[in-house]
Structure formats: structure tokens, C-alpha cells
Amino acid sequence: MSERTLKDIQKEVDTYISQFKEGYFSPLAMLARMSEEVGELAREVNHTYGEKPKKSTEADNSIELELGDIMFITICFANSLGIDLTEAHDKIMHKFNTRDAGRWTKINTEIT
């Protein structure tokens, strides 16, 4: 599969959602859906890395799929509000690179 930009992915999701009369859910409904998906991710992480193994009757799922669900609903949320996620990402990275520039111990990358 060829590399796609975040803008391409936002467009792909918009094309998918636009084929349905219902369109995007309301922001409140999407926030609720996002919360559900984060809960499902937490469950998978707990099954994989925590002390709570899955029951034999529970369906197979994966952290990858749950992250994909969160990504999809995040893109839907952004699209419905007219937010360009590339711009949002750039703003957040600027914030981290300025506000948090000295917050963490950097790995020494100098070659001696």
C-alpha cells in the first residue's frame, strides 16, 4: 500500500461517511464513542500486559485494531468540526518542542 498523508486519510474517511444520509454523528455522540473505544483499548492492554487474562469465551481482538478504531473516530470528529489534523499535529509538536523542551532527559546522540 502506498504512503498516504494524514490529509489523504481524512479525505478517505470523509468519502466513506459522505455516502450515508446520516453523515457524521454529533460531537457529543462522537465523544461518547471515543470514550467507548478508549475503554476497549484499555481492556486489550490489560489483557495483554496486565493481570487480567481473557476468558476463553471472549472474542479475539487486538491493541492494533482498537488503536485503529480510536484513529477512525478521531478523524471523524476532526472532519465533522472542519479540523485539519496535520495542522493540529504541527501545533501540538510546536507546543511540545517549546514548552517541554527541557522537561525530559534527552538521549545523547553525539558520535564520539
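This is a predicted model: local features need pLDDT of at least 70, side-chain atom pairs count only at pLDDT 80 or more; totals for chains, interfaces and linings use all residues.
**Stop 1: the annotated span**

Select residues 25-102. In an unreviewed UniProt entry, this stretch carries the annotation "domain: NTP pyrophosphohydrolase MazG-like". The span is 72% helix and 0% strand. Its end C-alpha atoms lie 40 Å apart.

**Stop 2: the nonpolar core**

Next, select Ile9, Val13, Ile17, Met30, Met34, Ile73, Ile75, Cys76, Phe77, Ala78 and Leu85. These 11 residues form the largest nonpolar core. In soluble globular proteins, nonpolar side chains tend to be buried together. Colour the core by helix: H1, H2 and H3 each give at least two residues to this core. Which helix supplies the largest share of this core? The answer is H3, with five residues.

**Stop 3: the largest pocket**

Now show the surface. Rolling a probe the size of a water molecule over the atoms shows where empty space is left. The largest pocket has a volume of about 150 Å³. Select its lining: Tyr16, Ile17, Phe20, Glu22, Gly23, Tyr24, Phe25, Met30, Arg33, Phe72, Ile73 and Cys76. Helix H1 (6-18), helix H2 (27-49) and helix H3 (63-80) are the elements that give two or more residues to this lining. The largest share, three residues, comes from H3. Sorted by class, the lining has nine nonpolar, one polar and two charged residues.

**Stop 4: Ile17**

Pick Ile17, which is one of the core residues and also one of the residues lining the largest pocket. Leave aside its neighbours within four places in sequence, and Ile17 is in contact with Gly23, Tyr24, Phe72 and Cys76.

**Stop 5**

Move to Gln10, in helix H1. Is Gln10 buried or exposed? Its relative accessibility is 8%, so Gln10 counts as buried; the cut-off for buried is under 20%. Beyond its neighbours within four places in sequence, Gln10 is in contact with Ile75, Ala78, Asn79, Ile83, Asp84, Leu85 and Thr86. Two of these, Ile75 and Ala78, can be found in the core selection from Stop 2, as can Leu85.

Leaving aside neighbours within four places in sequence, what does Asp84 contact? It is in contact with Lys7 and Gln10. Show Gln10 and Asp84 together to end the tour.

Terms used. Residues are numbered from 1 along each chain as its sequence is written. Side-chain values use heavy atoms; hydrogens and water are left out. On a 1 Å grid over the protein atoms alone, a cavity is a set of points where a 1.4 Å probe fits but cannot get out, and a pocket is an open set with protein on both sides within 12 Å along at least five of seven lines; lining residues have an atom within 4 Å of a point. Grid points are joined across faces, edges and corners, and a volume is the space filled by probe spheres set on the points. Helices (H or I, at least four residues) and strands (E, at least two) are DSSP runs, numbered from the N terminus. Ala, Val, Leu, Ile, Met, Phe, Trp, Tyr, Cys and Pro count as nonpolar, Asp, Glu, Lys and Arg as charged, and the others, Gly among them, as polar. UniProt positions are given in the numbering used here, feature names are shortened, and annotations may be inferred rather than shown by experiment. A nonpolar core is a set of buried Ala, Val, Leu, Ile, Met, Phe, Trp, Tyr and Cys residues joined through side-chain atoms within 4.5 Å. Buried means under 20% relative accessible area, exposed over 50%, partly exposed in between (1.4 Å probe, protein chains only). Contact means heavy atoms within 4.5 Å.
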